[in-house]
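Here is a short report on one protein chain. Look at the model first, then read on.

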Amino acid sequence: MKCRALVVSVILIGAASAPAAAQIKLDMNKITCGNWLGYGSADRDFVRYFMSGYYYD
């Protein structure tokens with residue numbers, strides 16, 4: 001039982017220390033209307049929220 005707890009704790013520590021790969025780079029100057037219309041709804045929401053925070057903060 002102690003061995004299992006040790007293995008689980010090592011896995012959790014290893015997973016917590018792994019770098020996150022969710023960051024993206026987006027050049028807002030290069031987005032055109034055609035690009036905007038080609039984005040999915042989640043990407044449009046991301047750009048919309050980013051621009052809202054950029055202009056109002």
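What share of the 57 residues in the protein chain is buried? Buried residues make up 2%. Buried means under 20% relative accessible area, exposed over 50%, and partly exposed in between (1.4 Å probe, protein chains only).

This is a predicted model: local features need pLDDT of at least 70, side-chain atom pairs count only at pLDDT 80 or more, and totals for chains, interfaces and linings use all residues. Residues are numbered from 1 along each chain as its sequence is written, and side-chain values use heavy atoms, with hydrogens and water left out.

The mean pLDDT (the predictor's confidence in each residue, from 0 to 100) of the protein chain is 75. A value of 70 or more is reached by 70% of the residues. Helix 1 (residues 2-16) has the lowest mean pLDDT among the elements, 70. Helix 2 (residues 33-38) has the highest, 84.

The chain has three helices and zero strands. Both kinds of element are DSSP runs, numbered from the N terminus: helices are H or I with at least four residues, strands E with at least two.

Helix 3 (residues 41-56) includes Phe46. A salt bridge joins Asp45 and Arg48, with the closest N and O atoms 2.7 Å apart. The term means a side-chain nitrogen of Lys or Arg within 4 Å of a carboxyl oxygen of Asp or Glu. The structure holds one such bridge. Asp45 and Arg48 are three residues apart in helix 3, so about one helical turn separates them.

| Residue | Relative accessible area | Class |
|---|---|---|
| Phe46 | 39% | partly exposed |
| Asp45 | 29% | partly exposed |
| Arg48 | 42% | partly exposed |
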